[in-house]
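Student: Could you show me how to read salt bridges and nonpolar cores in a model like this one?
Tutor: Gladly, let's have a look together.

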Amino acid sequence: MEYIYAVIDYGSSSLKFAYSQELNENPQYFMMEPEVIEIPATALDECRKKFNTDPVGHAVVGIEGRYYAVGELARTRFHSTMDYDAPKTNNAILRTLAAVAVAVRLCRIKAGKIRLFLCCVLPPGELLDRDILEDDLRQALKSFETPIGELGIFLKYFNCHPEGGGLLLFYLQNCGDLSNRSVGVIMMGHRNSSCFKVKNGTYGMFRSSNLGFIRMVNKIRARTSGYKDDDITVAVASYLLGKEQDKAPLVKLLLRNTETGREKELERLIDAVSSAKMEFWHSLSQWFGIELPNIDEIVFGGGVGRIFFEKIVNYFK
């Protein structure tokens, strides 16, 4: 009998998967690109050859005769496109199967009786879907195909928490009992922003919005031309999270081949980033005011939280 203990975060910038074969051992972890796409069966042989040497980068799963590339393989080899408006649970099954198959390969577990103990996180606004996710996962794990053969896994334990729950637990360790205080928890990521409230020790008011970093990127793309999605996302994030005057990430993005053209392009790009950031903040702060009025304390995290750190702190003061 083999066991896998795992925690999965279905992030839209990347999937995070931590796992171990024993509860008392230090967990291993890996990250996978978020994309998923159906592929023809004729492409499987190519993927099988490379899976053994690079399982994270060549993840494929099959269910009921249909096959799907997941992660880097889906993005680079099959040019998949992300749907940021769809619930995370829509592709959570395939992403989970792929991650578990990678863990089985990395643990060098031979096909046989495998028991899985799994925890995951979902946006607070999608937390009501956890029972549907559990039922679908339990069924899919019973039998699915991978590059190393068919796997049958019994989901021994499943639990699901809201994104930001870990931040709150960490906060509680340092700040003590919340029985007399109301605390708002906000997670701001690539796909969306989510929040929930804890008052008198009781969780409630789970909310999610489409205010993720991708919305800011889309506004910038609408004011510029020619940039690839992945390139502009990385460049803008690096620029906004870097030193204020460091334009190097944006300079690397430039496409024009004359000095005058590059100067104008850089100026236009900086203006687009500045405008998109300001518009996004107005939307975000309005959402804060609606969802978290009369709050005593706030805990927040995520990449967008880092970008707007000072503004968020000042807003809630």
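Student: Is Glu 279 buried, partly exposed or exposed?
Tutor: Glu 279 is partly exposed, because its relative accessibility is 30%. Buried means under 20% relative accessible area, exposed over 50%, and partly exposed in between, with a 1.4 Å probe and protein chains only. This is a predicted model, where local features need pLDDT of at least 70 and side-chain atom pairs count only at pLDDT 80 or more, while totals for chains, interfaces and linings use all residues. Residues are numbered from 1 along each chain as its sequence is written, and side-chain values use heavy atoms, leaving out hydrogens and water.

Student: Which side chain meets Glu 279 in a salt bridge?
Tutor: In general, side chains of opposite charge can pair when their charged atoms come close. A salt bridge here is a side-chain nitrogen of Lys or Arg within 4 Å of a carboxyl oxygen of Asp or Glu. For Glu 279 the partner is Lys 219, at 3.5 Å from N to O. Glu 279 sits in helix α9 (residues 259-291) and Lys 219 in helix α6 (residues 213-222), so their pairing ties together parts 60 residues apart in sequence. Helices are DSSP runs of H or I with at least four residues, strands are E runs of at least two, and both are numbered from the N terminus. Lys 219, at 31% relative accessibility, is partly exposed too.

Student: How many salt bridges does the structure hold?
Tutor: There are 13. In one of them, Arg 75 pairs with Asp 230, with the closest N and O atoms 3.2 Å apart. Glu 33 joins Arg 75 and Asp 230 in a network of salt bridges.

Student: Are Arg 191 and Glu 126 buried or exposed?
Tutor: Arg 191 counts as buried at 8% relative accessibility, and Glu 126 counts as buried at 9%. They form a salt bridge, with 2.8 Å between the closest N and O atoms.

Student: Which residues touch the most other members of the largest nonpolar core?
Tutor: A nonpolar core is a set of buried Ala, Val, Leu, Ile, Met, Phe, Trp, Tyr and Cys residues joined through side-chain atoms within 4.5 Å. Among the 44 residues of the largest one, they are Tyr 10, Phe 17, Leu 116 and Leu 133. Helix α3 (residues 89-106) supplies the largest share, 11 residues. A second, separate core of 37 residues includes Leu 211 and Ile 232.
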